Amino acid sequence: MTDAHQPRFQPGHEGEGKPAALIAWALYILSIPSANLLVIVGLVVAYAARATATGIPAQHIEAQIRLFWSVCWWTI
C-alpha cells in the first residue's frame, strides 16, 4: 500500500487554516435559513484562507470551494 492519499503535515502548521475552514462550513450551513446569502460570505472566507491553509484544513477549504461551484452550476 502506498500513502499517496495521506495528508502531509508540516511540524507546527497542522492547524493552519482550521478556523477559516470551520467558519466557512458554519456559514454554508447557516446559508439555508438565510436564503443563501451567507454562502457567499463563506466562499469569500474560503478563498481568503486558501493560500495559507495546510494539511486537512486545506483539503476542507478546497472541498468548500468545489462544493459551491458544483452546486452553482447544477442549480443553473
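What covers the buried residues of H1? Hold that thought while I set things up.

This is a predicted model, so local features need pLDDT of at least 70 and side-chain atom pairs count only at pLDDT 80 or more, while totals for chains, interfaces and linings use all residues. Numbering runs from 1 along each chain as its sequence is written, and side-chain values use heavy atoms, with hydrogens and water left out.

Okay, H1. Helices here are DSSP runs of H or I, at least four residues, numbered from the N terminus. Helix H1 covers residues 18-30, 13 residues in total, and reaches 18 Å from first C-alpha to last, close to the expected 18 Å; that expectation is 1.5 Å times one less than the number of residues.

Its buried residues (under 20% relative accessible area, 1.4 Å probe, protein chains only) are Ala20, Ala21, Ala24, Leu27 and Tyr28. Down the axis of H1 they fall within an arc of 130°, so they line one face; the arc uses directions from the helix axis to the C-beta atoms. On the other side, Pro19, Leu22 and Ile29 are exposed, meaning over 50%.

And the cover? It includes H2 and H3, with contact meaning heavy atoms within 4.5 Å.

Now the largest pocket. A pocket is an open set of points on a 1 Å grid over the protein atoms alone, with protein on both sides within 12 Å along at least five of seven lines, and lining residues have an atom within 4 Å of a point. Tyr28 is one of the lining residues, which also include Ser31, Asn36 and Phe68. H3 gives the most to that lining, 4 residues.

Key
1 Å grid on protein atoms, 1.4 Å probe; cavity = no way out; pocket = protein on both sides within 12 Å on 5 of 7 lines; lining within 4 Å. Helix = DSSP H or I, 4+ residues; strand = E, 2+ residues; numbered from the N terminus.
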